[in-house]
Each structure stands twice: as structure tokens, then as C-alpha cells.
Amino acid sequence: MSGGAAGGGLGAGFSYQKFVHVALEQTRLRTALATHPSQEKFKFIKTNEDNSVFNALSFSAPKIRLLRSLTIEQKNSVQVLDFAAFSEPEYDLPIFCANAFTSPSRSIVVLDLNPLFDTSEHKDYREKYFMNLMPLIDKYSELLPWGGKITSESLRFFSPVVIWTILEPTEANHQILYSAFMDYFKVWLELMDEAVQETSREKIDRNREAQHKYLTWRAEKDPGYPLLKKLIGECAAKDLVREFLFEGVSSLGTKSFLEYFPEYAQEDGTVNKKRSMAGKSFEARPWDAHGQFIGGDAGVW
């Protein structure tokens with residue numbers, strides 16, 4: 001899982017299901033969705049708590065390797081959305097990512113087009129995908145303000161248009177979030193529509209490894225894992241993370257987490273589980289109006 005957003009204050013009727021349904025409708029207007037094999041295994045997940053309902057959906061399409069959503073609804077309590085779209089490796093599209101965790105007191109939200117490549121180092125990639133998207137963040141930077149201090153570890157795969165925010169779970173804020181979610185997802189669908197298939201084996205392999213690196217990071221660092229473990233047990237939670245949320249971590253590549261991120265290795269060869277290893281924290285958005293990183297050396301890639 002990943003990230004979060006809050007909303008018990010919206011009452012028992014509040015749900016992220018609308019986000020998922022409309023996103024799937026929009027996708028079907030542009031491409032033919034087929035049920036992904038992972039859906040069958042995870043569509044009906046039994047939870048340890050009677051008041052908790054899981055809803056897991058996953059699809060693929062000609063240019064989309066995986067489009068999947070997980071919602072968790074606990075009556076008058078926690079509501080979770082984890083929605084993502086990954087292109088086939090023949091395309092270097094950013095990864096659409098929407099994570100919202102809503103409790104009665106607050107909503108924690110991350111909404112982004114996660115870049116496959118570091119946008120500071122790969123300026124061509126930044127210009128290809130993000131230069132024209134900066135008006136998006138202009139539109140929402142005041143409505144969905146920066147959520148406060150965040151470490152360079154958390155920034156590792158964020159783009160210059162990321163929305164990271166913490167909100168009071170009111171109906172008005174929920175509507176703003178829905179608007180932002182749909183704007184961002186429609187942009188991703190437009191990029192998908194326009195994407196031209198790569199023919200260079202070297203570039204396809206590079207895209208595949210970049211996506212695998214992202215999946216490996218997310219599967220290891222998923223902040224929603226403790227909640228999943230509590231609701232469905234450790235074994236089922238591990239399966240859900242690796243075979244559904246970040247499906248491809250076992251098939252797109254063979255490198256381990258520590259091969260990609262050796263700085264997390266402990267002396268006994270295990271992974272350091274600390275949320276933040278080192279580096280700066282950012283209390284304000286560390287990108288300028290042109291998408292250039294201005295936070296100094298974050299060391300995020």
C-alpha cells in the first residue's frame with residue numbers, strides 16, 4: 001500500500017469508490033481493459049475485523065502493464081485508497097500514484113506521476129513529461145498545500161508536480177481531492193494515448209529496470225503494511241504487497257532491494273527498516289515553477 005488520506009468526519013457514507021469507478025470509466029473511453037490475473041486471487045480478501053471491507057481490482061491494456069486499485073473501508077473509521085497505473089516497459093511513462101489514508105481527524109494524501117528517472121539528472125525526461133504539467137501544481141498548491149516536513153527518503157520517487165498534503169476530512173476538501181485526482185489521472189491517460197512504442201531493446205530494458213527499482217522500493221517501504229498486517233495477517237499482507245499492489249517486483253527484474261539501495265544494508269546483511277536513513281527534510285515544496293529541484297543535494301536517487 002502507500003501514503004494516506006483522512007475522512008471519518010465525512011460520515012458513514014464517505015468512500016473512495018467513486019474515485020476508482022470514474023477513473024476506470026475514463027480509462028475505458030481510451031483503451032480496452034482486460035482483467036489482470038492478480039485480480040482473481042485478491043478480489044475477495046477476508047479481513048480479521050467485521051467492520052473492514054477490502055475491494056481490490058486490477059486490469060491490463062495494450063499500453064498498460066497494470067492498473068490496480070485497493071480500497072479499505074472501516075465503518076465510521078479509516079478509509080484508504082491505493083490506486084496506481086504502470087505502463088508496459090516499451091513506454092517510459094511516469095507511474096500514476098494516488099494514495100489516501102483518511103481517519104476521522106485527518107486525510108494524508110500523496111498524488112503524483114512518479115518519474116521512472118531522476119528529473120534533476122535526466123533533464124530530457126523532465127522536459128518530456130513534466131514541463132507542461134507545472135500548471136497542475138499551480139492549480140492545487142493552495143487548495144492542497146504541502147503537508148509539512150518530509151524526508152529525502154520519502155521524496156525519492158516524487159515528481160515536481162507531486163501533491164503531498166494533510167487535510168481536515170471535510171466534504172469540501174474531499175471534493176477538491178477528487179478534482180485533483182481526476183485531473184492528474186486524465187493527464188496520465190493523455191500521456192498514455194500519445195506514447196510511442198520504444199523499439200530500442202536497450203531503452204526498453206532501461207525502462208523495465210527503472211520500473212522494477214520503483215516496485216522494489218515500494219514493496220519494501222510501503223507505509224501501509226502495518227495496517228494490512230493487522231487486518232489480514234502477515235502472510236496475506238506480504239502476498240498482497242508483492243503480488244498485487246506492486247505486482248512485477250518478482251517478474252520484471254532480479255535485483256534485490258539491497259542491490260538497488262546498498263545504503264540500507266546492515267552488518268548482518270538485512271535491510272535497515274528505519275523510515276529515514278539520512279539526508280535533508282523539506283518543510284516546503286522543493287521544486288521551482290519550472291520543475292527544477294531547488295532543495296539542494298537531497299540524495300534521493
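**Contacts, burial, sheet and cavities**

A: Start with His 36, which touches Ser 58, Phe 59, Ser 60, Arg 65, Leu 66 and Glu 247, leaving aside residues up to four places away in sequence. Contact means heavy atoms within 4.5 Å. This is a predicted model: local features need pLDDT of at least 70, side-chain atom pairs count only at pLDDT 80 or more, and totals for chains, interfaces and linings use all residues. Residues are numbered from 1 along each chain as its sequence is written, and side-chain values use heavy atoms, with hydrogens and water left out.

Q: Why does His 36 count as buried?
A: Buried means under 20% relative accessible area, exposed over 50%, and partly exposed in between (1.4 Å probe, protein chains only). His 36 has 10% relative accessibility, so it counts as buried. It is found in the loop between S1 and helix H2 (37-42). Helices (H or I, at least four residues) and strands (E, at least two) are DSSP runs, numbered from the N terminus.

Q: Is Cys 97 buried or exposed, and is Cys 235 buried or exposed?
A: Cys 97 has 4% relative accessibility, so it is buried. Cys 235 has 59%, so it is exposed.

Q: How many disulfides does the rule give?
A: The count is zero. A disulfide is a pair of cysteine sulfur atoms within 2.5 Å.

Q: What makes S5 largely enclosed by the rest of the structure?
A: Seven of the eight residues of S5 are buried, so the rest of the structure largely encloses it.

Q: How do you know that S4 and S5 pair?
A: Two strands pair if DSSP finds at least two bridges between them. Strand S4 (residues 79-87) and strand S5 (residues 95-102) have seven bridges, in the antiparallel sense. Gln 79 has Thr 102 in S5 as its bridge partner. Ala 84 stands opposite Cys 97 in S5.

Q: In which sense do S5 and S6 pair?
A: They pair in the antiparallel sense, over eight bridges. Phe 101 has Ile 108 in S6 as its bridge partner. A hairpin of four residues joins S5 to S6.

Q: What is the order of the seven strands in the open sheet?
A: The order is S1-S2-S3-S4-S5-S6-S8, with antiparallel pairing. The edge strands are S1 (34-35) and S8 (163-167), each pairing on one side only. Strands of a sheet pair through backbone hydrogen bonds, either parallel or antiparallel.

Q: Which strands does helix H1 lie across?
A: Helix H1 (residues 17-28) lies across strand S2 (52-60), strand S3 (64-74) and S4, at about 160 degrees to S3. Helix H8 (residues 234-245) also lies across S2, S3 and S4, at about 145 degrees to S3. Axes are lines fitted to C-alpha atoms, for helices over the stretch in contact, and angles run from 0 to 180 degrees between N-to-C directions.

Q: Why is Tyr 129 called buried?
A: Tyr 129 has a relative accessible area of 7%, so it is buried. Its place is in helix H3 (residues 123-129). Tyr 129 touches Asp 92, Leu 93, Pro 94 and Leu 191, not counting residues up to four places away in sequence.

Q: How many cavities of 30 Å³ or more does the search find?
A: It finds three. On a 1 Å grid over the protein atoms alone, a cavity is a set of points where a 1.4 Å probe fits but cannot get out; lining residues have an atom within 4 Å of a point. The largest cavity has a volume of about 50 Å³. Its lining includes Tyr 16, Phe 19 and Leu 81.

Terms used
1 Å grid on protein atoms, 1.4 Å probe; cavity = no way out; pocket = protein on both sides within 12 Å on 5 of 7 lines; lining within 4 Å. Points joined across faces, edges and corners; volume = space filled by probe spheres on them.
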